Amino acid sequence: MSSHVITPGPYRATKLWNEVTRLFRAGMPLRKHRQNFRHHASCFTASAAVEWMHQLLRSNSNFGPDVTRQQTVQLLKKFLKNHVIEDVKGRWGTEDLEDNNTLYRFPSTSPLKPIPCPASASATGSIKKRPSFRDKEGFFRFRSIKKQHEEETQENVDPALQAGGENQPAGEQQVQRRELTVEDEREIWRDITLTHLQRILGIPSLDEVLDRRYINPQNIIHNMTKVNKHGVVTLDDKTNDLPHWVLSAMKSLANWPKYDSAQPSYPGFERDVFKTVSDYFYSLPQPVLTYELYELFINVLGLLQSHCERVAIEALQLCTLLLPPSSRRKLQLLMRMMSRISQNVDMPRLHPAIGTRTLMVHTFSGCVLGSAEECDLDELLATRLVSFLMDHQQSILSVPEYLLSAIEDHIQYLRSVQVPIDAVPHVDGDNPVCAPMPIYAFCRQISGAEFEQQKLASSQKAMEELLEMLLTNQNMSEKERRKKLKQFQKQYPDIYSRRFPSSDSDNKANNKPKIKPPLLSIRKTKAFSIRN
């Protein structure tokens, strides 16, 4: 059954629902069944549907292999509630489906959910959008950039050199300037982070997956600058931190069996501690990733493919920077605990029938990701994301140093040149002189053949440089030089022949077969004589 990855974009959860529905209706085997002395055509049992759907979800890259059979049953219950399926008597609207031999069928009506249309300009115009540094007229533009033909600029390059400021008239260079304010710096932190995130996701705008009103630049600054030696966020207000008893419980599980000897120890103690931690996180007023960022994290799920793993890690790095510091700290401590428990071979089984890793993922997925309104695929999507977060928590929840350096360098540059006053235009009415927005470049994935070709080219270039060094080294004697050149020619004949093409002809001439001289050592026999 052909399926495709739902790429990042608005209403991704709805698109995923429609994709699973389409695959289920197109691929689920139907046959005739007999029940209560009656024959029912084109139907299936609940158990057969659970088995088929479970295999589909586990093999689908949008969900992954961590989907359980119980989660599949929950999804089919929602299918029955939303009239994707109905029983053979035409009943639907409830969630009483069980993993048994009850018969179900597909209705004749279309079960796909409509994709909401984007809000009209009149509807969005009622919300006043706070202007950002990027939106201000000409703030991040060069003086020589024309409206009809803009040029890309490179990061950390003096704009005066690229703009050709020396050739500009003197009147254009005399612009009234002001100092960079704290509010300006906060906008730079926010705008550069969001610009980088937008390019990683590969979408034309973040407005469809993120409401900028909920993005606090102070959270980004705090999460990137106020961390301890382990990379965990520190809080200014300790009242927002985890309670002491929760931290103690998480430490005892993460360091099991090395825990405080003052704590009680009895059979099943670790299970009680684990339940205490899970109960606390489910008692929070909202998920750790917050309701406001739900749609953003759902879209990052489109990048959780084997060939996009590095990109997904970078995207999640930036998304978690948008969290409130208290939420980011909770996420860091929770993921570290889950990762350590999953890898701890000395940890007793916390559930009699479920493995430790699976238990970690399915226990905490609901308190990590969730939407304010009930979503039909919440549990499956949360499981996929939490599994990836736990496996890569050290990389995802660390501070991206490249971004921190880029932002700090950009702010330092703006402080040195100051900021042009927006209200003061050029003499000729063009945009004011100002600093460029940093431009980031991304690596392009190459094939295995291209990698081998590049590796060969780079190694040959290194050997060529070594040969030149042997030829130009003044501290080497001629005898030693000839010896090393002879060794180089023997080991790398192709590179040597390219450097000394005339040597090939000499070698060929020397390799001609030589004519052996006559055998002069053979004595000439004397002629036979009667006298002798």
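Colleague: Which residue does aspartate 66 form a salt bridge with, and how far apart are the closest N and O atoms?
Modeller: Aspartate 66 pairs with arginine 357, with 3.7 Å between the closest N and O atoms, a salt bridge being a side-chain nitrogen of Lys or Arg within 4 Å of a carboxyl oxygen of Asp or Glu. The pair links distant parts of the chain, since aspartate 66 sits in the loop between helix 2 (46-59) and helix 3 (69-81) while arginine 357 belongs to helix 14 (residues 356-368), 291 residues apart. Helices here are DSSP runs of H or I with at least four residues, strands are runs of E with at least two, and both are numbered from the N terminus. This is a predicted model, in which local features need pLDDT of at least 70 and side-chain atom pairs count only at pLDDT 80 or more, whereas totals for chains, interfaces and linings use all residues. Residues are numbered from 1 along each chain as its sequence is written, and side-chain values use heavy atoms, with hydrogens and water left out.

Colleague: Is arginine 357 buried, exposed or in between?
Modeller: Arginine 357 is partly exposed, at 29% relative accessibility, where buried means under 20% relative accessible area, exposed over 50% and partly exposed in between, with a 1.4 Å probe and protein chains only.

Colleague: How many salt bridges does the count come to?
Modeller: The count is 18 salt bridges, and shared partners join Glu51, Arg69 and Asp99 into one network.

Colleague: New topic: where is glutamate 86 found?
Modeller: Glutamate 86 lies in strand 3 (residues 86-87) and is buried, with a relative accessible area of 9%.

Colleague: What is glutamate 86 in contact with, leaving aside its neighbours within four places in sequence?
Modeller: With those neighbours set aside, glutamate 86 is in contact with Leu80, Arg91, Trp92, Tyr104, Arg105 and Pro107, contact meaning heavy atoms within 4.5 Å.
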